[in-house]
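Hi everyone, thanks for coming. Please take a moment to look at the sequence and the 3D structure before we walk through them together.

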Amino acid sequence: MSVVITGQTVQAIVQSVRDAIISGRLRPGDSLPPIRELAAELGVNRNTVAAAYRQLVSVGAADTRGRGGTVVADRLHPGSELAAPADTIDLADGNPDPDLLPDLRAAIAAAPYRPTMYGTAAVAPALREAASVLFGEHPQRGELIATHGAVDAMERLLNTHLVRGDCVAVENPCFLASVGTIRVNGYRALPMELDEHGMRPDHLARALGAGARAVIVTCRGHNPGGIALSAARADELRTVLERYPEVLVIEDDHFSLLSVRDYQRVIPDNSRHWAVVRSVAKFLGPDLRVALVDADPTTAAALDARLRSGRPWVSHLLQTTAAHLLTDPATTALIATARLEYARRTRLLIDVLDARGVASTMGPPDGINVWVDLPPEVPAERVGVELARLGWAVQPGTVFAVDGAEQRNGLRVTTSRLDRATAQTFGTALAGAVGQG
């Protein structure tokens with residue numbers, strides 16, 4: 001390694017590494033020397049170097065990669081889904097079908113609105129009244145807070161309870177925005193594998209035993225897995241969580257009104273810190289940056305304080321527009337149509353792939369994405385390149401892997417705009433690409 005690290009104490013080694021990062025001599029992704037190697041070079045005990053590396057991780061300057069060692073953290077580029085190549089049919093973007101979304105321009109014009117001034121209530125009265133539509137099958141149990149979408153809610157919720165270096169238990173593969181949020185804020189992700197019923201309870205227990213201070217669970221429409229929690233699995237997860245009442249439990253139920261699966265609550269009754277997040281992006285439109293969070297009073301108060309210390313409130317224009325749409329009979333009918341249509345399109349692709357001998361889902365499908373497992377000898381990136389050559393864009397599963405976790409070899413395919421002819425043609429191309437792999 002060309003960069004010289006100096007120091008005889010933990011703090012001196014930390015400062016030397018941070019100076020190298022600030023000066024640009026160490027760049028994001030660069031590997032730090034193995035502990036044993038650096039300790040020998042500096043003439044110090046290995047525990048001294050190990051403690052320095054732990055401190056670098058805790059302040060967000062470095063990341064641990066398991067057997068991959070310790071690397072300089074990249075907080076400015078948390079990762080993103082790969083853009084679809086030009087001249088390809090886009091089955092990679094994870095977006096809903098625009099034709100199944102309401103007209104926001106008309107809704108803004110129709111929604112009752114009064115100019116909102118400083119000092120206003122955080123949740124618009126109209127949206128508070130309409131909250132029963134979002135939480136109808138799960139009556140609100142705590143305090144209601146509005147945020148700038150689900151990702152904003154997740155980040156603020158974690159920030160209310162955690163500090164840099166704390167561990168967050170997340171599903172693997174994971175919603176990419178959650179991976180980025182954890183990385184940017186300097187938390188450490190503890191991966192929990194999925195099966196056809198959702199998050200595995202033994203992996204949850206292992207993560208909690210390893211010191212996880214927060215858990216993020218996707219209730220339905222898992223992205224990228226395309227699955228929903230079963231009732232039996234939710235019971236198992238609740239049983240595990242009951243032993244850790246101080247851990248923050250966040251339920252991400254972003255697909256709520258579009259799901260064909262029943263909501264399954266994993267938050268145990270004895271949990272002291274919890275939140276249920278439901279956004280409107282998938283059924284009212286991604287540009288309507290509104291989510292409602294039902295949280296215990298302490299968490300809700302902390303979340304409200306964080307909102308008021310930055311952007312004081314979520315635009316009441318957006319909130320009243322969301323409230324208008326949630327209570328509008330035409331929009332209700334459109335959401336019902338979308339729910340059945342998304343389920344039909346997802347089932348269509350699964351049937352096509354099954355007929356071609358391609359393993360096409362982790363479990364009973366839910367959502368607008370299908371996960372395609374690939375044989376170990378057929379790398380997802382190679383299949384993705386071949387599909388792009390044939391005119392198809394999909395997401396390789398590697399981009400959804402939690403830092404340092406074993407990557408599940410597969411693809412995510414978005415089904416939201418799929419018709420029968422497209423599904424048939426794509427299925428043939430995918431089966432061919434897998435066979436060539």
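Let me begin with one term: buried means under 20% relative accessible area, exposed means over 50%, and partly exposed is in between, using a 1.4 Å probe and protein chains only. By that rule Ala169 counts as buried, because its relative accessibility is 0%.

Two notes on the source. This is a predicted model, where local features need pLDDT of at least 70 and side-chain atom pairs count only at pLDDT 80 or more, while totals for chains, interfaces and linings use all residues. Residues are numbered from 1 along each chain as its sequence is written, and side-chain values use heavy atoms, with hydrogens and water left out.

Back to Ala169, which sits in strand β5. Helices (H or I, at least four residues) and strands (E, at least two) are DSSP runs, numbered from the N terminus. The C-alpha atoms of Ala169 and Ala207 are 6.0 Å apart, although 38 residues separate the two along the chain. Now compare another pair: His316 and Val4 are 312 residues apart along the chain, and their C-alpha atoms are separated by 54 Å. His316 belongs to helix α12 and is buried, at a relative accessible area of 7%.

Next, the pockets. Rolling a probe the size of a water molecule over the atoms shows where empty space is left. Here the work is done on a 1 Å grid over the protein atoms alone: a cavity is a set of points where a 1.4 Å probe fits but cannot get out, a pocket is an open set with protein on both sides within 12 Å along at least five of seven lines, and lining residues have an atom within 4 Å of a point. Grid points are joined across faces, edges and corners, and a volume is the space filled by probe spheres set on the points.

How much space lies in the largest pocket? It is about 450 Å³. The lining has 27 residues, and the closest to the centre are Val151, Phe175, Ala281, Lys282 and Arg289. Helices α6 (150-161) and α10 (281-284) each supply at least two lining residues, and α6 gives the most, with three. By class, this lining has 12 nonpolar, nine polar and six charged residues. For those classes, Ala, Val, Leu, Ile, Met, Phe, Trp, Tyr, Cys and Pro count as nonpolar, Asp, Glu, Lys and Arg as charged, and the others, Gly among them, as polar.

The second largest pocket has a volume of about 390 Å³. Of its 24 lining residues, Val57, Thr64, Arg188, Ala189 and Asp403 lie nearest the centre. Two or more lining residues come from each of α3 (46-58), β1 (62-64), β5 (167-172), α7 (176-184) and β6 (188-195). This lining divides into 13 nonpolar, five polar and six charged residues.

Now the cysteines. A disulfide is a covalent bond between the sulfur atoms of two cysteines. The test used here is a pair of cysteine sulfur atoms within 2.5 Å, and the structure holds zero disulfides. Cys167 is in none, and the nearest cysteine sulfur, that of Cys174, is 15 Å away. For Cys174, the closest cysteine sulfur is in Cys219, at 14 Å, which is too far for a bond. Cys167 is buried at 7% relative accessible area, and Cys174 is buried at 3%.

On to the rings. How many aromatic pairs does a search of the whole structure find? It finds two. Rings of Phe, Tyr and Trp (its six-membered ring) pair if their centres lie within 6.5 Å; planes under 30 degrees apart count as stacked, over 60 as edge-to-face and the rest as tilted. Tyr118 and Trp313 form an edge-to-face pair, 5.9 Å centre to centre with 70° between the planes. Tyr118 lies in the loop between α4 (104-110) and α5 (125-134) and Trp313 in the loop between α11 (297-309) and α12 (316-326), so the pair ties together parts 195 residues apart in sequence. Trp392 and Phe426 are also an edge-to-face pair, at 5.3 Å and 65°.

Last stop: a cis peptide bond joins Asn172 and Pro173, with omega about 5°. Pro173 is in the loop between β5 and α7.
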